Amino acid sequence: MPLKRRIIKDFYDAIIITTFIIASCSKRHDALEYAYKVAGPNRGELETVIEHYKDDTLKLAAARFLIENMPGHYSYKKTKEIDEYYSIAMQLFKSGLSPKEQRDSLLQLTDNRFYGLDNEIIQDARIITSEYLIQNIDKAFDVWKNERWAKHITFDEFCEWILPYKCVELQSFDCWRDTMRQTFWWNIAHMDYDDESYDSPFRAVNTIRSEISWRIKPVGMYNRSGFPMRSASTLAHMTFGSCADYVNLGVLTFRSYGIPVIIEETPSWGRYRAGHTWYTLLNDNGEEMRSEWDISSTPGGPFFPHQRIPKVYRQQYAINRERVPYHNRSVYQYPFSIFSHDVTDRYFNTTDVTISIRKNVKLVEDFAYIATFNGHSSEWTLIDFGEVKKGKVTFQKMGRNILYIALGYDGKNLAPLSWPFIIHKDGSIEYIRPDYTNTESVDVRRKYYSSENVVAMRKRMLGGCIQASEYSDFHDAVTICTIDSLNIPDKIPLTEKGKYRFWRYLSPNGSYGSISELAFFNQDTTALHGIPVCQEGTNTDNAKKAFDGN
């Protein structure tokens with residue numbers, strides 16, 4: 001089971017000592033002392049913060065919260081190099097190049113000039129300065145007490161939803177609160193006053209996110225784009241990025257105004273391998289309002305009502321002490337974040353699943369894993385773990401209407417501990433056991449489920465036709481067949497007896513020419529090969545994708 005562990009391994013090499021000690025830090029004094037030990041030569045900076053707030057009870061508590069939970073948070077070690085990378089990124093953002101050209105340029109820099117930079121990480125406690133930490137605490141308290149959008153939250157909520165000096169790992173130690181306020185200020189400063197919504201965090205979020213979208217006009221790019229933007233200046237001018245990138249931008253901006261928001265995510269959808277990240281607003285009526293997407297969507301609307309989601313994790317600043325034993329004792333060491341908190345049952349009905357470990361599987365650790373099928377080959381995506389006790393393991397708060405499998409590490413590979421099983425909508429569990437005796441043949445029309453998007457795109461082919469001609473401009477085109485049904489056979493027999501040099505699929509108007517695969521065959525079903533062409537002004541590479549056999 002191939003898993004992306006190279007970069008993550010370096011992260012664990014950097015913090016493994018931290019996680020071994022955290023488990024014993026049940027008392028606040030112990031947690032603070034341990035953070036000092038992690039800081040090493042930088043201990044004096046953390047002690048200075050505590051000393052600075054010794055006469056301010058509330059700010060002292062906030063400082064202790066940040067320092068006690070600082071072990072495990074990390075940044076780039078080579079700050080000069082990453083700052084240079086961000087400087088180049090800013091030049092590209094202002095260059096006039098298209099977002100795709102900017103992305104490709106940064107990707108080339110990542111793989112060549114800055115190769116390996118992401119492996120050089122260091123714990124925040126070892127490099128953070130007292131000045132930076134004090135500045136952030138004071139600014140966080142200022143917006144909590146003086147802005148109108150967080151007066152409803154408690155101190156504990158403040159510590160997670162506004163206070164942290166960062167919202168994501170590898171974030172630069174810069175003046176992000178000032179940068180975001182100075183960049184996205186116009187809409188919020190010119191809000192029309194009314195007695196109903198002027199003090200509403202919900203209205204403030206929508207006011208700010210509309211300005212973000214207007215100013216930077218974000219373009220979604222979900223494949224690899226080089227190092228992620230983690231400085232305030234680059235985030236505020238980022239022309240391309242994933243949902244996670246624009247969630248980070250939104251959260252930093254909202255928090256800079258004292259609006260309580262937090263990042264949540266799923267490591268994988270229930271039916272395909274991609275994960276997803278969004279933000280949640282804590283509104284002044286106590287409601288947690290999810291954004292569904294990033295800054296492009298209004299929080300509080302329907303949240304993927306048709307999607308199957310196995311797990312939802314809230315990315316908090318505080319260490320999840322329940323996850324520490326895994327990092328202390330596990331052998332496999334999958335990169336489950338110690339800052340992820342399971343909030344799946346806040347979203348929908350869940351089920352606890354108890355699995356009996358197969359006797360023929362010898363595990364080398366007292367943990368087991370639960371995974372969803374990721375739709376690619378025979379791979380599964382790990383989404384959670386459980387502790388093995390007396391030959392059994394329980395996985396808690398699992399999303400329903402999803403196919404899972406339990407896995408365990410035997411010292412070499414992840415081995416199945418159970419048959420695949422479905423947790424149905426009513427919470428019942430059905431194991432999928434193959435029947436090798438009563439076999440039958442089936443015609444598999446799809447290897448992937450038909451989503452709403454797939455069905456909608458399939459309809460674009462209605463009215464499309466296959467045409468042939470002796471001439472490349474198709475001025476005498478002969479229509480060989482017309483697609484009038486979505487039940488398209490694998491191969492369409494042709495009755496036309498003429499001989500033609502040029503063949504094409506002519507898409508109906510408004511269909512964007514969408515087609516996944518097209519092939520032509522001789523009577524003996526031997527595939528014919530030609531040179532793909534397309535409409536003038538269209539990228540020929542797109543036409544080639546219809547003939548790539550994928």
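## Overall picture

Helices (H or I, at least four residues) and strands (E, at least two) are DSSP runs, numbered from the N terminus. This is a predicted model, in which local features need pLDDT of at least 70 and side-chain atom pairs count only at pLDDT 80 or more, whereas totals for chains, interfaces and linings use all residues. Residues are numbered from 1 along each chain as its sequence is written, and side-chain values use heavy atoms, with hydrogens and water left out.

The protein has 16 helices and 20 strands, and its C-alpha trace spans about 95 × 65 × 50 Å along the principal axes. Of the 550 residues in the protein, 47% are buried, where buried means under 20% relative accessible area, exposed means over 50%, and partly exposed lies in between (1.4 Å probe, protein chains only).

## Aromatic pairs

A pair of aromatic rings is described by the distance of the centres and the angle of the planes. Rings of Phe, Tyr and Trp (its six-membered ring) pair if their centres lie within 6.5 Å, and planes under 30 degrees apart count as stacked, over 60 as edge-to-face and the rest as tilted. The structure holds 40 aromatic pairs. One of them joins Y76 and F227 edge-to-face, with 6.4 Å from centre to centre and 65° between the planes. This pair links distant parts of the chain, since Y76 belongs to strand 1 (residues 74–76) while F227 lies in the loop between strand 3 (219–220) and helix 12 (232–235), 151 residues apart. Y76 and F227 are both buried.

W149 and Y257 also form an edge-to-face pair, at 6.3 Å centre to centre and with 75° between the planes. Because W149 lies in the loop between helix 7 (130–146) and helix 8 (155–161), and Y257 in the loop between helix 13 (243–256) and strand 5 (261–266), the pair ties together parts that are 108 residues apart in sequence. Both of these residues, W149 and Y257, are buried. Elsewhere, ring pairs link Y326, Y332, Y334, F336, F367, Y369, F385 and Y409 into a cluster.

## Charges over rings

A charge sits over a ring if NZ of Lys or CZ of Arg is within 6 Å of the ring centre and within 35 degrees of the ring normal. The charged end of K145 is placed in this way over the ring of W144, 3.9 Å from its centre, and the charged end of R148 sits over the ring of Y198, 4.0 Å from its centre.

## The cavity

Rolling a probe the size of a water molecule over the atoms shows where empty space is left. On a 1 Å grid over the protein atoms alone, a cavity is a set of points where a 1.4 Å probe fits but cannot get out, and lining residues have an atom within 4 Å of a point. Grid points are joined across faces, edges and corners, and a volume is the space filled by probe spheres set on the points.

By this rule there is one cavity of 30 Å³ or more, and the largest cavity has a volume of about 40 Å³. Its lining is made up of Q135, N136, K139, D174, C175, W176, R177 and D178, with helix 7 and helix 9 (176–183) each supplying at least two residues. By class, the lining holds two nonpolar, two polar and four charged residues, where Ala, Val, Leu, Ile, Met, Phe, Trp, Tyr, Cys and Pro count as nonpolar, Asp, Glu, Lys and Arg as charged, and the others, Gly among them, as polar. A232 is found in helix 12 and, at 2% relative accessibility, counts as buried.

## Cysteines

With a disulfide taken as a pair of cysteine sulfur atoms within 2.5 Å, the count comes to zero disulfides. The sulfur of C175 is 16 Å from the closest cysteine sulfur, in C167, which is too far for a bond, and C175 is partly exposed at 35% relative accessibility. For C481, the closest cysteine sulfur is that of C465, and at 7.8 Å this is again too far for a bond; C481 is buried, with a relative accessible area of 17%.

## Positive phi angles

L170, in the loop between helix 8 and helix 9, has a phi near 75°, a positive value in a residue other than glycine, and L170 counts as buried at 14% relative accessibility. E292 has a positive phi of about 65° although it is not a glycine. The place of E292 is in the loop between strand 7 (288–290) and strand 8 (313–315), and E292 is buried, with a relative accessible area of 18%.

Definitions and conventions
On a 1 Å grid over the protein atoms alone, a cavity is a set of points where a 1.4 Å probe fits but cannot get out, and a pocket is an open set with protein on both sides within 12 Å along at least five of seven lines; lining residues have an atom within 4 Å of a point.
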